[in-house]
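These are my notebook entries on a structure that I am opening for the first time. I went through it topic by topic and wrote down what I looked up.

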Amino acid sequence: MDEQRRIWEYWWIALCLLLSIGRHVSAQIRYSVPEEMKEGSVVGNIAKDLGLDVRTLVGRRFRIVSGSKDAFFQVNQNNGELYIHTKIDRETLCEGNGACLINLKTAVENPLEIHYVAVEITDINDNRPSFSEQVQHYEIAEHTHIGTSFQLQTARDLDAEPYSVRLYKMSPDENFEIDISNSDEEKIPFLVLRKPLDREHKAEHILVLTALDGGNPPKSGTLNITVKVLDSNDNRPVFSQDTYSVTLQENSLIGTTVIKIKASDADEGSNSEVEYSLGKILKRKIYDVFQLDRITGEIKVKGEVDFEDTEVYKLDVVASDKGQPPLSSQGRVIIKIQDINDNQPDIELTSLSNVVAEDSKPGTVIALISVSDKDSGVNGKVVCSLSERVTFELKPSFQDNMYSLVTKGHLDRELVPHYDITITATDLGQPPLSSIKTLSILVADVNDNQPEFSSNFLELYLFENNDPGASIFSVKASDKDVDENAAISYKIIRGAGTQNDITSLLNINSETGVIHSRKSFDFEAIKKFQFHVLATDSGSPSLSSNVTVNVFILDQNDNVPVILYPVSANGSAEGVEEIPRNVNAGHLVTKVRAYDADIGYNGWLLFSLQEVSEHSLFGLDRYTGQIRTLRSFTETDEAQHKLVILVKDNGNVSLSATATVIVKVVEPKEAFAASDVKNAVKDEEENHVTFYLILTLGSVSVLFLISIIVLIVMQCSKSTDCSSKYLQEANYDGTLCHSIQYRSGDKRYMLVGPRMSLGSTIVPGSNGNTLVIPDRRSRRDSGERRVA
């Protein structure tokens with residue numbers, strides 16, 4: 001039935017629409033608006049132009065009903081105005097120079113009228129000409145004919161006429177000009193050669209092509225044009241000199257460079273690559289004595305050069321390029337041979353030993369040296385010397401040209417382990433000739449250096465509960481000697497062998513210096529100890545040194561909080577408190593007291609209600625453990641309430657304990673009677689607690705005074721030693737909530753409370769919880785206890 005009724009409704013609507021066609025009135029108007037107008041700009045008043053009553057537009061539901069682009073426009077039903085809803089970009093909607101139209105259909109009801117509106121989007125000059133690429137490259141040979149043209153990129157402008165590309169301009173250049181060819185729809189620029197190119201004059205031309213549109217003022221776009229001029233072989237090689245002249249000593253070694261000739265070619269590429277050769281009509285002797293490198297132009301000695309054989313050599317040289325056809329030029333090289341003292345002295349070295357001990361005495365003979373020269377007369381006289389300042393000297397012998405090499409001072413292998421002694425022998429010829437001889441001498445090591453540690457004191461910070469047998473530290477000593485003299489073994493210096501000697505619990509690897517602990521340390525039992533490590537080398541006799549290692553045990557959260565109050569007769573953390581029903585809000589019911597043997601964060605305790613029968617009745621201070629009433633009791637409240645308090649520390653892995661308090665609400669008279677009995681028992685318990693608190697506070701105060709005295713002494717002695725120090729301070733409610741802690745890294749003391757972090761700091765004179773004290777003290781045992 002529902003489907004049939006729905007079908008009848010559809011037919012009825014269709015029939016009504018057909019009947020209304022007879023009353024349909026249509027009209028069309030046209031508007032024109034520039035692109036890029038601001039949103040909200042009015043295009044025209046459709047109601048006025050169609051003769052519609054503005055007052056009826058809302059009731060007749062005047063609106064835009066169709067059109068693929070009607071999102072750009074909206075109508076105002078209050079005044080009939082058509083306005084721009086979204087900014088319009090003509091280039092996005094339409095292409096080409098034709099009219100860009102947006103067709104809209106508007107409708108009003110009662111009676112139904114359909115009106116068509118055409119909005120023409122006119123173009124504005126909002127786009128500049130652009131090229132598809134920023135740079136265009138050409139390679140043009142320098143022999144290219146005048147009038148040759150090269151097509152350039154065409155600029156594009158998204159605007160329509162008359163704002164499209166109108167003309168092209170090019171930066172001035174004496175070799176090129178621009179020519180424009182008009183096609184059906186665009187202007188095509190051409191680069192035309194109007195003057196011959198000369199690569200040697202200008203190898204590259206940088207041009208800028210500018211495209212201008214028809215706007216006022218016109219917009220423009222640029223194209224960078226790079227023209228590389230390709231070379232032609234139109235230049236021959238030219239020598240840097242017409243005639244080269246050089247002097248060469250006789251007996252010059254084979255391969256000695258006599259001279260390097262150079263010819264240049266103004267062309268490029270293979271046209272500028274020059275090869276060198278000797279002339280074809282030279283004497284055969286020249287080809288045997290000299291050779292010319294065809295690539296570098298170097299003339300080198302090939303055979304024996306003897307002044308007595310030939311005094312002057314004249315060489316004809318040719319330079320040719322690799323062009324097609326190749327071009328060449330000719331030059332001349334004149335080589336004058338110079339007579340010289342051509343026999344060098346000869347050094348004969350007789351080494352007694354090339355190894356000398358570093359403790360050798362001055363004057364120890366190392367080697368015997370004899371020199372000779374084949375020349376005669378003055379050219380055969382030789383002077384021998386050491387070319388460097390070393391711890392050695394040459395002593396002449398009673399025979400001519402004989403010397404002994406001896407030590408001049410004390411040797412130290414650690415400073416200089418090796419000497420390369422250069423001996424120079426020079427004759428008295430003009431010019432003099434010399435020869436050298438190098439003697440390598442090794443300085444043998446003597447065990448004259450003891451092992452050294454990086455510091456006389458080392459500090460080790462070790463967490464308690466370490467694994468027995470694991471390595472805890474490593475010491476390292478160095479020895480400036482070598483080999484056996486530098487082979488170091490380590491051992492721990494043991495005490496008298498008593499039970500209190502902590503070194504009996506440590507082992508050290510004699511070769512590596514790695515220290516192992518045979519037991520697990522407990523911060524609560526020992527906080528600091530000291531031992532000594534001895535390093536001994538393997539020299540003969542051996543030398544040794546030691547280092548002091550200060551070990552500081554660091555606390556870990558390994559102690560569970562202990563409930564001090566309430567504690568029942570059987571030892572469990574449970575107690576019963578009776579309070580009158582008529583107490584007001586804020587009444588102190590009781591206070592949970594707890595103690596943690598750890599220090600710092602590990603010993604800071606927080607209290608929380610883990611279980612409570614009525615949350616609105618009782619509140620717990622998380623720092624002091626005080627339980628107070630939150631409101632007054634009513635007649636409907638239960639007479640007995642159970643509170644389970646969780647006490648946990650602030651360690652990384654916190655430990656906790658729980659205490660149970662049973663609160664009994666009694667009538668005031670009963671409370672007074674019971675309080676007498678309870679106070680008697682409680683006073684006895686309080687006396688015990690008070691005694692322990694007074695004892696603890698007294699101990700802390702004494703330790704604090706001792707620490708201040710030590711600090712003053714250290715201030716006077718200006719010791720810069722650093723260690724960690726923790727002292728205790730009690731607050732006035734019997735709970736130890738603060739601690740004085742020394743931080744070696746910051747070199748200061750800090751008063752740290754449960755509501756602040758260890759990193760908080762306050763300068764002297766402020767009201768914070770941190771007291772800054774300069775670091776002037778010696779190392780002490782570190783410790784802190786936390787009671788709450």
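**Entry 1: overall make-up**

How many helices and how many strands does the protein chain have? I found 5 helices and 53 strands in the protein chain, where helices (H or I, at least four residues) and strands (E, at least two) are DSSP runs, numbered from the N terminus. What I have is a predicted model, so local features need pLDDT of at least 70 and side-chain atom pairs count only at pLDDT 80 or more, while totals for chains, interfaces and linings use all residues. I also note that residues are numbered from 1 along each chain as its sequence is written, and that side-chain values use heavy atoms, with hydrogens and water left out.

Of the 788 residues of the protein chain, 40% count as buried; buried means under 20% relative accessible area, exposed over 50%, and partly exposed in between, with a 1.4 Å probe and protein chains only. The accessible surface of the protein chain comes to about 43800 Å², and 51% of that surface belongs to carbon and sulfur atoms; accessible areas come from the Shrake-Rupley method with a 1.4 Å probe, and for residues only the protein chains shown count as cover. Among contacts with a separation of 6 or more in the protein chain, 65% are between residues 24 or more positions apart, a contact being heavy atoms within 4.5 Å.

**Entry 2: confidence**

I looked next at pLDDT, the predictor's confidence in each residue, from 0 to 100. The protein chain averages 79, and 82% of the residues score at least 70. Confidence is highest in strand β21 (residues 298-301), with a mean of 94, and lowest in strand β50 (residues 725-729), with a mean of 34. The pLDDT is below 50 over residues 8-26, a stretch that has 9 contacts in the model beyond near neighbours in sequence. It also stays under 50 over residues 718-788, for which the model has 208 contacts beyond four places in sequence. Where pLDDT is low, the predicted coordinates should not be read in detail.

**Entry 3: a three-stranded sheet**

I then followed an open sheet of 3 strands, in the order β43-β47-β46, with antiparallel pairing; two strands pair if DSSP finds at least two bridges between them. Because β43 (588-591) and β46 (618-620) stand at the edges with a single partner strand each, one side of each is left without a neighbour in the sheet. The twist averages 20° from one strand to the next, where axes are lines fitted to C-alpha atoms, for helices over the stretch in contact, and angles run from 0 to 180 degrees between N-to-C directions. β46 and strand β47 (residues 626-629) pair in the antiparallel sense over 3 bridges, and the bridge partner of Phe 618 in β47 is Thr 629.

**Entry 4: strands around β13**

Which strands pair with β13? Strand β10 (residues 165-170) pairs with strand β13 (residues 204-213) in the antiparallel sense over 5 bridges, and 9 bridges join β13 to strand β14 (residues 220-230), again antiparallel. I traced Ala 211 in both directions: it is the bridge partner of Tyr 168, and in β14 its own bridge partner is Gly 221. A hairpin of 6 residues joins β13 to β14.

**Entry 5: Cys 94**

Is Cys 94 buried or exposed? Cys 94 counts as buried, because its relative accessibility is 15%. I located Cys 94 in the loop between α3 (90-93) and β6 (101-108). Leaving aside its neighbours within four places in sequence, Cys 94 is in contact with Cys 100 and Leu 101. Its C-alpha atom is separated by 10.0 Å from that of Leu 158, 64 residues apart along the chain.

**Entry 6: backbone details**

Most residues other than glycine have a negative phi, and most peptide bonds are trans. With that in mind, I noted a cis peptide bond joining Gln 324 and Pro 325, with omega about 0°; Pro 325 is in the loop between β22 (312-321) and β23 (328-338). The peptide bond from Ser 540 to Pro 541 is also cis, with omega near -5°, and Pro 541 lies in the loop between β39 (528-537) and β40 (544-554).

Glu 36 has a positive phi of about 65° although it is not a glycine. Glu 36 is in the loop between β1 (25-34) and β2 (42-45) and is partly exposed, with a relative accessible area of 29%. Arg 61 has a positive phi near 55°, sits in the loop between α2 (46-50) and β3 (63-66), and is partly exposed at 43%.
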